[in-house]
Amino acid sequence: MKLNLLFIINSFSIAGAEKLVYALSKNIDKNLFNIYICSIGLSKNENENNLRKELEEKHGIKTFCLEKKKNKNRLNAIIKLRKFIKNNKIDIVHSHCPSPDFYGLISSLGLIKARFTTIHSTSGYSKNRMKIFSIFFTNIVCISDMVKSYSLNVLKLSEKKMVVIKNGIDLTPFLKEKKIVREKNNNKIKIISVGRVVNAKGYEYLINSLEKLKDINKNIHLTIIGETSADKNLYHNLLNLIKNKGLSDNVEFLGVRDDVPKLLLSSDIFVSSSIVEGFALATIEAAAAGLPIVATDVGSIRELIDKDSGIVVNSRDTVALSNGILKLIQKPIWARLLGENVKKISINLFSIKSTVISHEALYKSKIR
């Protein structure tokens with residue numbers, strides 16, 4: 001008999017936690033599980049609606065949205081979600097991030113067989129709330145060893161309930177995609193970064209790093225892919241920063257895209273300038289595309305990158321970011337070798353296949 005598995009996420013956006021849930025949902029054995037995904041917030045745009053349509057029509061996943069507005073209608077959201085859990089006879093609830101944890105836990109009390117949470121970052125969690133919530137979780141999944149350390153030493157959660165399952169991605173778009181010749185339009189050096197425009201991504205430091213690089217090579221071009229509406233003030237501040245630095249011809253925001261593999265494969269260098277991170281799926285995607293990487297030393301980046309597979313620099317360090325990118329530009333053969341090495345690591349350690357197998361085993365072990 002199939003188990004009914006419900007994932008709860010903040011929204012149907014393309015953020016790190018959500019991307020993991022989509023990958024799991026698409027690849028979990030449908031002979032064993034019926035998959036449901038519920039978002040807390042509103043579906044805000046056409047991209048989110050298209051994603052839900054794809055999940056439902058192409059992968060047989062039922063999606064549901066509580067359409068809760070920020071700081072409003074908490075009780076209605078709980079009642080609505082509890083009714084959904086009852087009507088669909090959900091066996092397992094797996095929530096991702098603090099807000100889904102709250103609604104998933106309260107709404108499912110007394111109704112389900114097993115309850116899980118995944119901790120995705122080394123910040124943003126309330127120690128006191130997680131201590132209470134952890135009592136009701138069957139297991140706490142940590143996406144990396146660094147996140148486990150944070151959960152133990154900062155949140156003070158019980159190690160007995162913790163399971164480390166490293167983030168994985170679907171490598172198919174990268175492995176099946178034909179090799180794309182990296183175009184050098186007007187000798188352009190194409191740098192790419194992927195992630196929502198929020199403070200945690202440290203884009204101001206990345207943009208500032210281009211000022212020095214532009215003086216050395218005017219053909220530097222940075223493309224930033226990711227939602228720009230999450231923090232509109234920050235987005236406008238970054239646009240003003242670009243204008244004031246004279247970088248309008250060197251930086252562009254593309255917003256949310258559905259062709260990220262193609263954009264990565266047609267780029268030269270990937271940069272992650274994050275200030276805070278659990279484990280950036282976007283960086284694993286860049287690794288799978290074989291891009292040389294410059295990344296800040298946050299979260300679990302050193303589980304992917306060492307001296308032979310990329311460049312790691314301190315966060316909030318504009319000069320270090322600039323110097324790291326410059327090294328890759330000046331040493332193209334070495335940069336290509338780093339890209340080849342990090343691609344092998346991503347395939348060996350971060351394939352969605354192993355992530356899915358570990359989740360399936362965890363769910364089945366708790367329901368017998």
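**Leu5**

I looked up the contacts of Leu5 first. Leaving aside neighbours within four places in sequence, Leu5 is in contact with Ile28, Phe33, Asn34, Ile35, Tyr36, Ile92, His94 and Tyr363. Contact means heavy atoms within 4.5 Å. The model is predicted: local features need pLDDT of at least 70, side-chain atom pairs count only at pLDDT 80 or more, and totals for chains, interfaces and linings use all residues. Residues are numbered from 1 along each chain as its sequence is written, and side-chain values use heavy atoms, with hydrogens and water left out.

I placed Leu5 in strand 1 (residues 3-9). Helices (H or I, at least four residues) and strands (E, at least two) are DSSP runs, numbered from the N terminus. Is Leu5 buried or exposed? Leu5 counts as buried because its relative accessibility is 0%. Buried means under 20% relative accessible area, exposed over 50%, and partly exposed in between (1.4 Å probe, protein chains only). I also noted Ala114, 109 residues from Leu5 along the chain, with 9.7 Å between the two C-alpha atoms.

I traced an open sheet of seven strands in the order 3-2-1-4-5-6-7, with parallel pairing. Strand 3 (62-65) and strand 7 (162-164) stand at the edges with a single partner strand each, so one side of each has no neighbour in the sheet. Two strands pair if DSSP finds at least two bridges between them. Neighbouring strands of this sheet are turned by 20° against each other on average, direction ignored. Axes are lines fitted to C-alpha atoms, for helices over the stretch in contact, and angles run from 0 to 180 degrees between N-to-C directions.

Strand 4 (residues 92-96) and strand 5 (residues 114-119) run parallel and are joined by five bridges. Val93 stands opposite Arg115 in strand 5. Helix 4 (residues 98-108) lies across strand 1, strand 4 and strand 5, at about 160° to strand 4. Helix 6 (residues 145-153) also packs on the sheet. Helix 6 touches strand 5, strand 6 (139-142) and strand 7, and its direction makes about 165° with that of strand 7.

I found six strands forming an open sheet in the order 10-9-8-11-12-13, with parallel pairing. Which strands are at the edges? They are strand 10 and strand 13 (311-313), each pairing on one side only. The twist averages 20° from one strand to the next. Six bridges join strand 8 (residues 189-194) to strand 9 (residues 220-225), which run parallel. Val194 is opposite Ile225 in strand 9. Helix 8 (residues 203-216) lies across strand 8, strand 9, strand 10 and strand 11 (269-272), and runs at about 170° to strand 9.

**Cores**

I went on to the nonpolar cores. A nonpolar core is a set of buried Ala, Val, Leu, Ile, Met, Phe, Trp, Tyr and Cys residues joined through side-chain atoms within 4.5 Å. The largest has 68 residues, of which Phe7, Ile28, Ile37, Ile92, Leu264 and Phe270 touch the most other members. Helix 11 gives the most to this core, with six residues. Apart from it lies another core of 33 residues, among them Ile224, Leu247, Val271 and Ala320.

I looked at Glu285 in helix 11 (residues 281-288) as well. Glu285 counts as buried because its relative accessibility is 13%. Not counting residues up to four places away in sequence, Glu285 touches Lys19, Ile169, Phe174, Val260 and Leu264.

**Rings**

How many aromatic pairs does the structure hold? It holds seven. Rings of Phe, Tyr and Trp (its six-membered ring) pair if their centres lie within 6.5 Å; planes under 30 degrees apart count as stacked, over 60 as edge-to-face and the rest as tilted. Tyr235 and Phe253 are an edge-to-face pair, 5.2 Å centre to centre with 90° between the planes. This pair links distant parts of the chain: Tyr235 is in helix 9 (residues 232-244) and Phe253 in strand 10 (residues 251-255), 18 residues apart. Both Tyr235 and Phe253 are buried. Ring pairs also link Phe33, Phe116 and Tyr363 into a cluster.

**Backbone check**

I noted that Lys89 has a positive phi of about 50° although it is not a glycine. Lys89 is in the loop between helix 3 (74-87) and strand 4. Lys89 is exposed, with a relative accessible area of 65%. Arg316, also not a glycine, has a positive phi of about 60°. Arg316 lies in the loop between strand 13 and helix 12 (318-330).
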